[in-house]
Every structure is written in structure tokens, then in C-alpha cells.
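Let's walk through a protein fold together, one piece at a time. Have the sequence and the picture ready, and follow along as we go.

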Amino acid sequence: MRVLIAGASGLIGTSLTTRLRRSGHEVVRLVRREERAADERRWDPPAGAIADGALDGVDAVVNLAGAPLLPGRWSAARKQVLLDSRVEPTEVLAEAVAEHGIPVLVNASAVGYYGDAGPSLVDETSPVGRGFLAGLCTAWEGATKTAATAGARVVRIRTGLVLAREGGLLDVLRPLFRLGLGGKLGDGKQYMPWISLDDEVGAIVFALENESLSGPVNLSGPQPATNAAFTKALGRAVHRPAIWQVPGFAMKFALGQAAEEMALFGQRALPRVLEEAGYAFRHPTLEDALAAAT
């Protein structure tokens with residue numbers, strides 16, 4: 001396939017580009033600066049512009065674009081940036097998919113769609129939750145409507161916490177845990193829907209190649225863990241104790257709503273659609289994923 005990727009320079013996009021090319025696919029990367037390589041095409045989402053010829057011969061589009069959720073508090077202005085950086089590019093790409101008759105769009109979303117689900121199991125049939133992230137994901141996914149209406153197979157990947165050797169969540173946690181400063185957040189009962197980078201990328205490739213997949217797909221490991229269990233497992237992985245606790249009120253004081261929804265809320269999300277479609281996880285347990293990432 002010839003695959004067009006938006007957000008190809010990020011953690012997931014970089015690994016996805018490598019995996020696709022190793023599998024024999026051709027990758028075209030959308031960039032917002034001047035083109036510097038033969039596989040790059042410039043685009044300007046706020047202007048609704050994509051370089052001429054960028055979509056020629058494209059068989060699938062993968063959209064991973066979006067400003068980072070952290071660090072920092074979610075002021076009204078920051079929330080608008082987070083929304084615009086996701087919805088605007090998705091609308092542009094969905095319209096391009098529809099206009100050019102591209103058969104597949106794999107579009108990023110997040111397990112934050114389910115809000116604070118507590119200990120309840122959630123899968124792709126579960127309703128949307130409450131909170132800023134839930135609303136953000138709803139708008140993000142809704143922006144793919146134009147492509148779906150035009151007949152494209154749209155896969156909305158609701159990603160969990162990606163565990164990688166370089167980049168992502170563990171870049172923040174690993175140094176603290178190695179210094180013996182690791183510990184649970186709040187009461188530690190909130191669930192963390194983790195996934196290894198290998199499986200994140202593998203699942204995206206699976207979604208591109210598997211014509212039976214469409215609609216929401218949870219990209220999370222088959223055994224979600226509580227924050228307390230995750231903390232203990234990471235401590236074991238780096239051979240350090242993880243005995244500390246960061247009080248929830250302190251996190252809320254420092255980061256406000258961002259801390260609450262990103263660290264104290266949880267989703268016990270299961271990847272039912274992926275498993276029923278036959279995807280085999282390379283790292284099916286948290287211990288497997290952490291061993292690969294540490």
C-alpha cells in the first residue's frame with residue numbers, strides 16, 4: 001500500500017513509518033514546514049491545504065496529529081489548542097479522503113473517551129464518559145464523518161498509555177523510579193490502560209491491512225492494571241522499590257484538571273475488537289511490555 005501519515009514525526013508515527021516500510025509498504029509523510037525529503041508533502045491544516053499530488057495513488061491515510069496533552073495546566077486557551085490541533089487536521093484529511101476516494105482512514109483517538117470509568121470494564125460498545133478528554137475524543141472522532149459518509153473504512157483507534165524504550169510516559173517515570181522515588185498516584189486504584197509501542201504500531205498496521213476492522217478500536221493491552229499494580233511492576237522492572245505516594249490533592253493543586261483526568265481518572269479498557277479480529281499481542285502482559293521498554 002501507499003500510506004499517507006500525518007504526525008509521522010512523533011513517537012508512534014516514527015515507529016509506524018519504519019514498520020510499514022519494513023513490511024513493503026510505501027510511506028508519504030505530511031509536514032507543516034518546507035519539504036526536505038522525497039517522501040514529504042507539505043500541508044497547512046488551518047488553511048485546509050494539502051500539497052498538490054500528495055494524495056495521488058494513496059491507498060490509506062493514518063492521522064496521528066495532535067498537540068501534547070501534557071505538561072502544563074489546561075487553561076481555556078490550552079484546551080482550545082488541544083481541540084483545534086486534533087479536530088481541524090482530521091476534518092481536512094477526512095475531506096481529502098472523501099474527495100480522492102481513498103478507501104481507508106485510520107484516525108487517532110484515546111481511551112479518555114470513556115472518562116473516569118472506575119473499576120468497570122469498558123470496551124468499544126461502552127458509552128462516552130464525562131470530562132474534557134471525553135468531549136475532546138468525541139469531537140475528534142466526529143471529525144472523521146465526512147470520510148465515513150463517502151464510503152471509506154474509518155478506524156478510530158482509542159489509544160492507551162504507550163510504553164516505549166524512548167519517549168512517552170516512561171521517559172518521565174523511569175528516571176524517578178531508578179532513583180527510588182517511584183510511587184502510586186492518589187489512592188492507586190485508578191486503572192491504567194497500557195500498551196507497548198510494538199503492539200500500538202502492530203495494531204495500526206493490522207487495522208490498515210484487515211478489511212473487517214472499522215469504527216472504534218481500543219489500542220490497549222489485554223490486562224489493564226491499576227496504578228498501584230503498575231507502580232509495583234515498574235519498580236520491579238528497574239529493580240527499585242516504589243514505596244512513595246503522590247497525594248491526589250497535591251497533583252490537582254499543581255496541574256488542576258489535567259492532573260485529575262490524566263493521572264487520577266482511569267479506564268479499565270479491553271481491546272475486544274482487536275482480539276475478536278485475531279490480533280495477537282506481542283506483549284500481552286504488563287511485565288512483558290515493561291521488560292521491552294526498560
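Two strands are said to pair if DSSP finds at least two bridges between them. Keep in mind that you are looking at a predicted model. With that in hand, look at strand E8 (residues 153-159) and E13: they pair in the parallel sense over five bridges.

Now step back to the whole sheet. Strands in a sheet pair through backbone hydrogen bonds, and they may do so parallel or antiparallel. Here eight strands form an open sheet in the order E4-E3-E2-E1-E5-E6-E8-E13, with mixed pairing. E4 and strand E13 (215-219) stand at the edges, each with a single partner strand, so one side of each is left without a neighbour in the sheet.

Let's visit the E4 end. Strand E2 (residues 26-31) and strand E3 (residues 40-44) run parallel and are joined by three bridges; Arg 29 stands opposite Glu 40 in E3. From E3, two bridges lead on to strand E4 (residues 49-50), and this pair runs antiparallel. Trp 43 has Ile 50 in E4 as its bridge partner. E3 and E4 form a hairpin with four residues between them, and Gly 48 in the turn has a positive phi of about 70°.

Helix H1 (residues 11-22) lies across strand E1 (2-6), E2 and strand E5 (60-63), running at about 155° to E2. Helix H6 (residues 197-209) lies across E1, E5, strand E6 (104-110), E8 and E13, at about 165° to E8.

Two other helices meet each other. The axes of helix H8 (residues 248-255) and helix H9 (residues 257-264) come within 6 Å and cross at roughly 130°. H8 and H9 are therefore oblique to each other. Residues making this contact include Met 251 and Leu 255 of H8, and Ala 259 and Leu 264 of H9. By class, the contact of H8 with H9 has six nonpolar, two polar and two charged residues.

Finally, find Asp 123, in the loop between strand E7 (121-122) and helix H3 (132-142). Is Asp 123 buried or exposed? Its relative accessible area is 14%, so Asp 123 is buried, since buried means under 20%. What does the side chain of Asp 123 make a polar contact with? The partner is the side chain of Arg 272, at 2.8 Å. Leaving aside neighbours within four places in sequence, Asp 123 is in contact with Tyr 114, Asn 218, Leu 270 and Arg 272.

Conventions. Residues numbered from 1 in each chain as written. Predicted model: local features only at pLDDT ≥ 70, side-chain atom pairs only at ≥ 80, totals over all residues. Heavy atoms only, no water. Buried < 20%, exposed > 50% of the residue type's maximum accessible area, 1.4 Å probe, protein only. Polar contact = N/O pair within 3.5 Å; in protein donor to acceptor, adjacent residues only side chain to side chain. Contact = heavy atoms within 4.5 Å. Axes fitted to C-alpha atoms, helices over the stretch in contact; angles between N-to-C directions. Parallel < 35°, antiparallel > 145°, perpendicular 65-115°, else oblique. Nonpolar A, V, L, I, M, F, W, Y, C, P; charged D, E, K, R; others polar.
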